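The following report considers a set of protein chains, their packing and the confidence attached to them. Please consult the sequence and structure below while reading.

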Amino acid sequence: MLILDNLWIIPLLPLLGSATNGLFGAKWPNKIVNYVAVGSTGLSFACALEAVHEFFQLSPEKIPWVKPYFSWIVAGDFRAGFDLQVDQLTVVMLLVVTGVGWLIHIYSTGYMAHEGGYYRFFSYLNLFMFFMLILVLAANYSLLFVGWEGVGLCSYLLIGFYFLRKSASDAGKKAFIVNRIGDFGFMLGMFLLFRTFHTLDFVPMFKDAVSQQPDAMGQLGTITVACLLIFVGATGKSAQLPLYVWLPDAMEGPTPVSALIHAATMVTAGVYVVARSHVLFMRAPTAMLVVAIVGCATAIFAATIGLVQTDIKKVLAYSTVSQLGYMFLACGVGAFSAGIFHLMTHAFFKALLFLAAGSVIHAMGGEQDMQHMGGLSKKIRWTYITMLTATLAIAGFPPLAGFFSKDSILLSAFQSENGGHALYAVGLLTALLTSFYMFRLIFLTFFGKPRYDEHKVHVHESPKSMLVPLMILAVLSIVGGWLAAPAFLGSPDYFARFLEPVFAQGAGGEAGAAAAEAAAHALEIPLAIVAVLTAAIGLAVAWWLYLSKPQKPAEFAKSMKGAYTTLFNKYYVDELYAALVVKPLMWLSRSVLWQAVDVGVIDAAVNGVASGATDIGDGVRHAQSGNTRSYAVWVVIGALVIIAIIFWPYFRPVAVGMVR
Amino acid sequence: MNPPLLVFFVLAAMAVIGAINLILQRHPIHSALSLIVVMVALAGLYLLMGAEFVAAVQIIVYGGAIMVLFVFVIMLLNAGVEEHTNASKLAALAGVPLAVVLMGVLAATVAGSADRVQVLTPGSVAPTKALANLLFQDFVYPFELTSFLILVAILGAIVLAQREKA
Amino acid sequence: MIDFLAQHADILITLVKIALLLFIVLTVNAYLTWFERKVVAHMQSRWGPHRVGPHGLLQPLADGAKFLLKEDPTPAGVDKFTYYLAPLMALALALTSIAIIPFGPDPLRIFGRDVYLGIVDLNIGLLALFAITALSVYGVALAGWSSNSKYPLLGGLRSSAQMVSYELALTMSVVGVLLSAGSFSLRDIIGAQASPKLGVLGWNIFPQILGFLCFFVAAVAETNRVPFDLPEAESELVAGFHTEYASFKFAMFFIAEYTSMITVSCLCSIMFFGGWLSPFPASWTFTHFLPSAILIPFGLWVIWDGIRYETIFGRIILPGLGTVITALGALLIVFPAVNEFIQGPFWLLSKIFVFLFVYVWMRGTLPRFRYDQLMSFGWKLLLPVSLANAVITASVILVRGGGH
Amino acid sequence: MVPTHYYLILSAILFGLGVVAFVFKRNIITIFMSIELMLNAVNLAFVAFSQALNKLDGQVFVLFVIVVAAAEAAVGLGIIILIARNRQSLNVERVDLLKL
């Protein structure tokens, strides 16, 4: 129980690394900064592994393992403790975060080698690790919220890492502000929960919640409202409709950041939170439905935008958004384990995709536009291979990770009672689009003839420090899926079994679940085949469009100009927000808050007080004759009043006192 | 009427007459003298109450130092009879009645609350030693502070009164 | 009548004592002037008064008569009330201070009553004394001011400044004594000096030598005597604060001054020289005959001197006086009880006499201070030294673990 | 035995007289004296209470008051001398510029 008793060490290590680098790194050569940053994350990964190892020796009744360290806020019956919790869900997240994080750290040492502010970058990155681990390990909503905000901060810092570029700093602000909106909902949700359950600690709250009567479909009970509010927060953090707008812009940050924060870990926090509070969601079917619909809509929406993007990272960003939509869809239909599983696999292959893209950009010397690439497959072989693996994975070709996770999601969507088939259909369409635009990306980047000036750009393979993580991740995205290999392949769904104890406490009727199991086995094979076919179709179309007939896309674009431009401009959502939210806000703050309130009221009040004082002084000045005795008179009057007030109760005519 | 009461009334009469005289006299020296009378009378009252040390200090410091200083200053400045100026009649007109009222209220209140005071047993003679212990144990910090205050006062007086060398 | 006496015997006795003390003090004052003039004269190799009576013994009477009979002018423009108040105040305070001095250890028994030697026995005696001395400034100051004339005003200013400044040193210098005695009562102070094994060494003069010097100097200044007689510096201010005073009002100041001399001498001998304690060990009983051993020869000498005196008057008076003195001495031998009782007062009085002599002596020898010298001496030397003395004594007592 | 409240009444009267003097007199020095008078009145009350309550704290307070009064007299008289020097007058009504 070495680590489990001292869980704090896991988040502490990155924090120390961050502090060391942030405080002293400026003077140090990159080498030392590397040692500190990578070392601290690596150590905390090791600790995490040990923690998991110890966790498996725990007897079931000891789970979830909660370790209170100190009380952080205590007010009345409210206690926000610095308590850390470990259960199966945490274990998964822990491994993903520390592991992928560590790999990306290593990758960054190569990728950022020639960038300025090296130490700053790693300090931020470690800080992010710290907060993410807090978020994952937190045993109550308040502490979770600390991590939640912390990762938001770090994402802001890292998106605006090239703060000299206006677009970068703007993107940072955008991310920050949009997240605030979500956090607002999240906080309201927390308050509501505290008001309902009088605690924010997971274990007692959920125990309490289980005993409560679940809200009916379409009924807005307390739990439903709370769930919806929390989901608002999740949409903010995980870039779901309507708050997804910040994520594409977040690509302004360095690529490793995009990989770590905006693909693998942070953006999945929303999913994690929903999964973490599944007990509540189980009791709020309305909220579940909303989650499912939002997730589904986001998935297809982002996918459609992804079709036409030319910036390689933008494409990946939108695919991230749509994959997150998948996860929410899973959660929405109650397949939390599937959602988490997809989260994990997605972490693998999406991180891989980003890193590979980074490697490509690195090779192209900073070029991000796919229209100026092509034919790189020979030149950067390893990058090509790994990226292809990831693409196959995300497109959902067996036997790679994406296949299993996406398959289980679609399956559970198909089975879910309310509107399942519609959801399934949309999910399938999204899968089709996904495979299409992913292969579009591959073909545009690696095949065909180079569309760049070969004399200017000297394409070169990335250094080992970048390639090794790529390979590891590639392996992971190949084998990762087998953890949840479906039953028809004759494997018990390890992953689901593993997470069972967590999600069982939420699940209501076990019988229904069992029936679903039975139905599932019947359905699994056809559904799987359908999924694979869609993926293949997507691949074929992409191949047809971008390899055999390269001029076709332009024609399409011309022929259906409206749709194309709409997609290309991302449905004008940003412009819409600008018109609906930003402009009124600006107007309000400028003409009302500034000119009316600030100038008219506050300044006026201050000046008024001042001038009033002056006037009063002018009036009263004459009382100050400078003649001592008049002052004395005033003092006497005051003394009289005070004495009268104090001694009134004792007052009796003089005579009484004198006579005796 | 028992002797102490007699003594009290004699001394009280002395004090009051002295105070009134302080007001009536128009030359500062005479006012000073009448104030000295008041102080001596008060010292007698302190003795009557058994506070001998305070009585002695009262005479030594008040009578012997402070008032001497006053007389000295009066002599130094050769202060004459105070002149009659009509400015700030208001002060006198408003102040005197007010003061009388104040006096009345105070006295009446005290008299009214006499029984509350009387409930307590009048103390025995205050031994100087006990006073010393109190002063140098419980009140030692204030005591030291006052010494500092005196020092500052001396400096201030010097600074104020010395003729600036031209 | 009788029972009335019996009832208010205490009051009566006190009244009698007061009258007696007044008489003694005034007489002593008178003859102190004679003594002073004689001594100073002999120091300056003159005869001094020798016309009125044998050896000018009746000179004081003549002076007194002169004071009473002379015209008593009141200068124009004086502040009447204060002008008359000042000498009264001076004299009254001076005389009052004597009342606190105890003159003997054990009370005298008359008609079955204990009669305490001295008017009152306050347990804050010393403080009371200081209080009175503090007030005695007014006499001088007011006199100077009320005379409505330059010299007196200057004299008054000087004296009040001087007295205020030296009063501090005076008070501080006895702190040592008070600390070692642990009481304000003069009797206790004497008692504290009486120690069987140390004897003379137990007197305060030895540990408190610094204190004594400070005290004596300050006291001399307090009484406006030479070399601190600036308020009445003849050569500068005519006669200082009492320039405008004549005849009896002047006499009052005069008496006041000499009385305060006596008081100071009493204090010195009580606080530093063991008061009525005999300098000899108690075992030496024969020293108890010292009074008669002094009186008898002195009386015989007076007789002899009288017989060969030139004037008839002297030939009659002096032998008579001599026989009286001799008889007194003999009486003491005859009645040992009386002799025992007399011991305390005898020693006290002789010590007082010594100090009075020192006063006169100083007047005969020392020049007068300059005003600035006076001030700087008082503030810069006397006060610090006396403070240091107080501190040292206190710390010694602390170290000894004493402290009453 | 003198009842305590006699002392208190006396002190009240003296205090009132002090106030009257303060308001009534014109000579700065006299006004200063009237302050002392008030202080004395308060002292009397203090001692009376200390005797009534059989606690010595009152007397300690009196001692402190006296000390403060001494300091006050030193400074105050210094100021008065200064005023007299600059104004050639001790009449308060001539000293109402609130500066020397």
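## Nonpolar cores

Leu329(A) also belongs to the largest nonpolar core, which contains 207 residues. Together with Ala351(A) and Leu352(A), Leu329(A) touches the most other members of that core. Helix 16 of chain A, spanning residues 336–364, provides the largest share, 19 residues. Because residues of this core come from both domain 1 (1–159) and domain 2 (181–507 + 515–559) of chain A, the core lies between the two domains.

## Architecture of chain B

Chain B contains 7 helices and 0 strands, and its pattern along the sequence reads α-α-α-α-α-α-α. Of the 166 residues in chain B, 43% are buried. When contacts in chain B between residues at least 6 apart in sequence are considered, 53% of them join residues at least 24 apart.

## Confidence in chain B

The average pLDDT of chain B is 79, and 75% of the residues score at least 70. Within chain B, helix 2 (residues 28–48) has the highest confidence, at 89, whereas helix 5 (residues 114–119) has the lowest, at a mean of 53.

Residues 119–123 of chain B have pLDDT under 50 throughout. For this stretch of chain B the model has 10 contacts beyond four places in sequence. Where pLDDT is low, predicted coordinates should not be read in detail.

## Contact between chains D and B

The contact between these chains draws 64 residues from chain D and 75 residues from chain B. On the side of chain D that touches chain B, helix 1 (4–24), helix 2 (28–52) and helix 3 (57–87) of chain D each supply at least two residues. Helix 3 of chain D gives the most to this side, with 22 residues.

What is the make-up, by class, of the side of chain D that touches chain B? There are 47 nonpolar residues on that side of chain D, along with 12 polar and 5 charged residues.

Terms used: Residues are numbered from 1 along each chain as its sequence is written. Chains are lettered from A and ligands numbered from 1 in the order in which they are written. This is a predicted model: local features need pLDDT of at least 70, side-chain atom pairs count only at pLDDT 80 or more; totals for chains, interfaces and linings use all residues. Two residues are in contact if their C-beta atoms, placed from the backbone, lie within 7 Å. Helices (H or I, at least four residues) and strands (E, at least two) are DSSP runs, numbered from the N terminus. Ala, Val, Leu, Ile, Met, Phe, Trp, Tyr, Cys and Pro count as nonpolar, Asp, Glu, Lys and Arg as charged, and the others, Gly among them, as polar. pLDDT is the predictor's confidence in each residue, from 0 to 100. A residue is buried if 20 or more other C-beta atoms lie within 10 Å of its own, exposed if 12 or fewer, and partly exposed in between; C-beta atoms are placed from the backbone. A nonpolar core is a set of buried Ala, Val, Leu, Ile, Met, Phe, Trp, Tyr and Cys residues joined through C-beta atoms within 7 Å. Domain bounds come from an automatic or database domain assignment.
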